[in-house]
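Thanks for making time this morning.

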Amino acid sequence: MRVFGQYDQNLTALEALIPVVVRLDGNRVFVSGEQPAVARAKRVLEQMNAAAQSGSSLTPDDVKLAIREIDNAGAQRIPSTLYTTHRGREIRPKSPGQARFVEAIERSPLTFGIGPAGTGKTFLAVAMAVRAMRAREVSRLILSRPAVEAGEKLGFLPGDLREKVDPYLRPLYDSLDELLDEGVVVKNLERGTIEVAPLAYMRGRTLSDAFIILDEAQNATNEQLKMFLTRLGNGSRMVVNGDVTQIDLPSGVRSGLLEAPGLFEGIEGIEIVELDDTDIVRHPLVSEIVRAYARRARKPRS
């Protein structure tokens, strides 16, 4: 079941992606087709078997990832499970770029994840944060986002200050809800061991023994990004995510995330991971949409 999936869905995915026919006979697998395709399928099945032996339950997405890694880099493994949710869902990187992003987070105190929508930046960062807290590597999680329209429109929204900023922070709550039981999220929010707050709330603080995430960082100015990065305290880890193609700052205001790759290149302890449309794990059309907008941006204006 771990290797083949429910109703052999992983083998069906393998046959759809590689022109082979897979047949089961007890605990043996027979693969038929042209020799190069059979060789590819064999390597994928070996990866799948090794991952299952380590305790992972595989999905068709893992089959796609294994094929992509074999074709592009010759990698010989499916990434191990990072975290298992309360619903039993196993969280793993689903592309080479996502794997690089996770490895950088594990390795470095400060990681930048820069890439288009749908590449899993926010979800993977929150998963790594929850895992770190579960392992007692940190004592609290701090999740933040810029509320870029707060200066103009916040006062027109109904409710108190928290209700006004919650729409900007909703994606972070959504990621937490996928990873943790709702009661656990509420309890940790009440205790302050999980904090979800706008970027402006970070000013003047030193954030020690914490896993800190700044999401949608393309909407932070240079000054705001500097303010946030200098909050990093002892025993903390920080992840900064953003998509430089979706900047919502007013005209003439430059995003601090645009400066980051050149500014911090070569500094030990800081890693910058750039993801692209091949790392998108949402609906397949999202990749096509991102590519269409990229082509439009490259086309000279008449």
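Is Phe264 buried or exposed? With a relative accessibility of 15%, Phe264 counts as buried, because buried means under 20% relative accessible area, exposed over 50%, and partly exposed in between, with a 1.4 Å probe and protein chains only.

Before going on, please keep in mind that this is a predicted model, where local features need pLDDT of at least 70, side-chain atom pairs count only at pLDDT 80 or more, and totals for chains, interfaces and linings use all residues. Residues are numbered from 1 along each chain as its sequence is written, and side-chain values use heavy atoms, leaving out hydrogens and water.

A search of the whole structure returns one aromatic pair. Phe112 and Phe264 form this pair, and they are stacked, at 5.6 Å centre to centre with 20° between the planes; rings of Phe, Tyr and Trp (its six-membered ring) pair if their centres lie within 6.5 Å, with planes under 30 degrees apart counted as stacked, over 60 as edge-to-face and the rest as tilted. Phe112 is buried as well, at 0% relative accessible area.

Elsewhere, the charged end of Arg23 sits over the ring of Phe30, 4.7 Å from its centre, the criterion being CZ of Arg or NZ of Lys within 6 Å of the ring centre and within 35 degrees of the ring normal.

Finally, the largest nonpolar core has 34 residues, a core being a set of buried Ala, Val, Leu, Ile, Met, Phe, Trp, Tyr and Cys residues joined through side-chain atoms within 4.5 Å. Among the members touching the most others are Val130 and Phe211.
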